[in-house]
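Me: I'm new to reading protein structures, and I'd like a close look at a single part of this one. Could you pick one residue and walk me through its surroundings?

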Amino acid sequence: MKNVLSRWLLRVRGIRMGKYRDFLVFLFFLIVSACFWFLQSLDETLEVDIVAPLALHNVPENVRITAPLPSEVLVSVRDKGATLVRYYRKGKIDSVFVDFNQYDNGLISSGVQIPRADVQRIVQSKLESTTRILGMLPDTLDFYYNRGHGKLLPVAIRGTV
């Protein structure tokens, strides 16, 4: 074991001192310059798209959602590169909860259209203070609900396809 280790060390010393020395010096400085370039690019302001999960919160038991909200919102944001790297490390931002009681108008059956400014305010609360929202998709968020009893029925196809 000791003999193998000493033979390996001699081989590494031979590479450092031999004909590959210029290549290794070049490779070292190439890696150092790539690191400096990466750090410099993190200081620039960038624009990226982030996926924000969306959920309806505080729905009463007697309310049936007939046309739900989309499951996620695509948000275009602008910020420094270091902050955006943090968002990508986490994967997604925290779930965005829309409060049903805030938009409930007390009718038996109704459709609710959530203003874009409200959704941006909720999403902004999940982001860093330096991050600016540029846009969102979908543009309008709406859902429909019905008060009363609901029943889930099994659906089966009778016939041949």
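Reply: Let's start with a contact: the side chain of Asp-79 makes a polar contact with the side chain of Thr-130, at 2.9 Å. Keep in mind that this is a predicted model. So where does Asp-79 sit? You'll find Asp-79 in strand 3, which covers residues 72–80.

Now for its charge. Asp-79 is buried, yet it has no salt bridge. The nearest side chain of opposite charge belongs to Arg-86, and that is 7.1 Å away. A salt bridge needs the charged atoms to be within 4 Å.

Who else is around? If you set aside the neighbours within four places in sequence, Asp-79 is in contact with Glu-44, Thr-45, Leu-46, Leu-84, Thr-130 and Thr-131.

Let's zoom out a bit. The protein has 5 helices and 7 strands, and along the sequence they follow the pattern α-α-β-β-β-α-β-α-β-α-β-β. Of its 161 residues, 23% count as buried. Among contacts between residues at least 6 apart in sequence, 79% join residues at least 24 apart.

For another kind of spot, look at Leu-24 in helix 2, residues 21–42. Leu-24 counts as partly exposed because its relative accessibility is 33%. As for the protein as a whole, it exposes about 12300 Å², with carbon and sulfur atoms supplying 59% of that.

Technical notes
Residues are numbered from 1 along each chain as its sequence is written. This is a predicted model: local features need pLDDT of at least 70, side-chain atom pairs count only at pLDDT 80 or more; totals for chains, interfaces and linings use all residues. Side-chain values use heavy atoms; hydrogens and water are left out. Helices (H or I, at least four residues) and strands (E, at least two) are DSSP runs, numbered from the N terminus. Buried means under 20% relative accessible area, exposed over 50%, partly exposed in between (1.4 Å probe, protein chains only). Lys and Arg count as positive and Asp and Glu as negative; His and the chain ends are not counted. A polar contact is a pair of N or O atoms within 3.5 Å; within protein, one must be able to donate a hydrogen and the other to accept it, and residues adjacent in sequence count only if both atoms are side-chain atoms. Contact means heavy atoms within 4.5 Å. Accessible areas come from the Shrake-Rupley method with a 1.4 Å probe; for residues, only the protein chains shown count as cover.
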